[in-house]
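Dear colleague,

I am passing on a structure that may be new to you, and below it I describe what was found. Please have the sequence and the model open as you read.

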Amino acid sequence: MNDQSQKQGENLKKSICYKDGRFYFTKQAERSFFFVLTIIMLVVGVFYKTGIF
C-alpha cells in the first residue's frame, strides 16, 4: 500500500519548479513547451510567406 502511494506522489510532481532564483522543468514539460513554440513558429512562418503578416 505504501509503494502505491509513493508512486502516485511521484506522478503528481510539479512540472515547473522555482528554486534558488531559477526555474526547473521536468523533461516532459520542457518537451511540451518547445513543441508548442515550434508549432507557433511554423504557423507564423506560413502566415508570413502568404503575406498575412
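**What was found**

The secondary structure of this protein comes to two helices and two strands, where helices (H or I, at least four residues) and strands (E, at least two) are DSSP runs, numbered from the N terminus. Along the sequence, these elements follow the pattern α-β-β-α.

This is a predicted model, in which local features need pLDDT of at least 70 and side-chain atom pairs count only at pLDDT 80 or more, while totals for chains, interfaces and linings use all residues. Residues are numbered from 1 along each chain as its sequence is written, and side-chain values use heavy atoms, with hydrogens and water left out.

Of the 53 residues, 2% count as buried, a term that means under 20% relative accessible area, with exposed being over 50% and partly exposed in between (1.4 Å probe, protein chains only). The protein exposes about 5,500 Å², and carbon and sulfur atoms supply 62% of that area.

The structure also holds three aromatic pairs, meaning rings of Phe, Tyr or Trp (its six-membered ring) with centres within 6.5 Å, called stacked if the planes are under 30 degrees apart, edge-to-face if over 60 and tilted otherwise. One of them joins Y18 and F23, which is tilted because the ring centres lie 4.9 Å apart with the planes at 55°. F25 and F33 form a stacked pair, 6.4 Å centre to centre and with 20° between the planes. F25 is partly exposed, at a relative accessible area of 43%, and F33 is partly exposed at 46%. F25, F33 and F34 together make one aromatic cluster.

Terms used: Areas by Shrake-Rupley, 256 points an atom, 1.4 Å probe, with all protein chains shown as cover.
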